[in-house]
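Have a look at the protein below. What can be read from its fold?

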Amino acid sequence: MANLTAEVKGKITAAVASGELAPGTVLRQEHIAERFGVSRTPAREALVQLAAAGVVSQRSGRGFEVCPLDDTTVADVQQVRFSLEALALRSLTGQLTPRARLELSHRLDQAELALDDPAEFFELSRRFHIELVDACANSYLRSVLTSVWDHPVQQRIGARAGADRAQRQATLATHRELLAALADGDGAAAEAALMRCHTD
């Protein structure tokens, strides 16, 4: 049951992130169950979890409604992500191994090939940021950051930010600047590039 709930939750999140389910859309458990071919129980549990995450809100006796993505929520999530990733960068400055640099560079090459696929580009960007934390060998930091990246609200932010190809190109360029600064041992430049990742 838990796996079914997670699967339905992921599908609803993807539909919200893509704009297929726009803010204000009413979601009822029976419709979700029918749409994804599951019983009402995992459909309802998925909606309840998304309500707790702030993606939908419960309407009294009338199902759930997709919430708008407000500026305060975006700022809160970005602040948490930046703080965690900046912590990783500080421990990596001057410590990035040639192998880690090669692997991160390869991830960016993959992202460049995916510039015309917003969903794939977002996933590769996500992996780049998480692998930066992997390189500093702090498993607790990785666990926390992964939960932030996998949060439904972060997925909506990523989809909105990467909807435009020019924006995806700018993000890729900033990622390359960040990696180059890390390789050069320039912590200030790396953190400045990281900040642009969160504000561009």
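**Confidence.** This is a predicted model, with residues numbered from 1 along each chain as its sequence is written. Local features need pLDDT of at least 70, side-chain atom pairs count only at pLDDT 80 or more, totals for chains, interfaces and linings use all residues, and side-chain values use heavy atoms, with hydrogens and water left out. pLDDT is the predictor's confidence in each residue, from 0 to 100. The chain has a mean pLDDT of 88. In the chain, 98% of the residues reach 70 or more. Among the elements, helix α5 (residues 98-113) has the highest mean pLDDT, 94. Helix α8 (residues 152-161) has the lowest, 81. Helices (H or I, at least four residues) and strands (E, at least two) are DSSP runs, numbered from the N terminus.

**Strands.** Three strands form an open sheet. Their order is β1-β3-β2, and the pairing is antiparallel. Two strands pair if DSSP finds at least two bridges between them. The edge strands are β1 (26-27) and β2 (56-58), and each pairs on one side only. Strand β2 is joined to β3 (residues 64-66) by three bridges. Opposite Ser57 stands Glu65 in β3.

**Core.** In soluble globular proteins, nonpolar side chains tend to be buried together. A nonpolar core is a set of buried Ala, Val, Leu, Ile, Met, Phe, Trp, Tyr and Cys residues joined through side-chain atoms within 4.5 Å. The largest nonpolar core here has 58 residues. Ile12, Leu27, Ile32, Leu132, Leu178 and Leu182 touch the most other members. Helix α4 (residues 71-92) gives the most to this core, with eight residues. The core also draws at least three residues from each of domain 1 (4-66) and domain 2 (71-197). These domain bounds come from an automatic or database domain assignment.

**Burial.** Buried means under 20% relative accessible area, exposed over 50%, and partly exposed in between (1.4 Å probe, protein chains only). The table lists some residues by this rule.

| Residue | Relative accessible area | Class |
|---|---|---|
| Trp149 | 3% | buried |
| Cys67 | 17% | buried |
| Cys136 | 18% | buried |
| Phe122 | 18% | buried |
| Phe36 | 19% | buried |
| Val48 | 40% | partly exposed |

**Rings.** How many aromatic pairs are there? The count is one aromatic pair. Rings of Phe, Tyr and Trp (its six-membered ring) pair if their centres lie within 6.5 Å; planes under 30 degrees apart count as stacked, over 60 as edge-to-face and the rest as tilted. The ring centres of Phe122 and Trp149 are 5.7 Å apart. Their planes are at 50°, so the pair is tilted. Phe122 lies in helix α6 (residues 118-135) and Trp149 in helix α7 (residues 139-149). The pair therefore ties together parts that are 27 residues apart in sequence.

**Cysteines.** A disulfide is a covalent bond between the sulfur atoms of two cysteines. Here a disulfide is counted when two cysteine sulfur atoms lie within 2.5 Å. The count comes to zero disulfides. Cys136 is in no disulfide, and its nearest cysteine sulfur, that of Cys197, is 16 Å away.

**Distances.** Val48 sits in helix α3 (residues 40-52). Phe36 is found in helix α2 (residues 29-36). From Phe36 to Glu123, C-alpha to C-alpha, is 23 Å in space and 87 residues in sequence.
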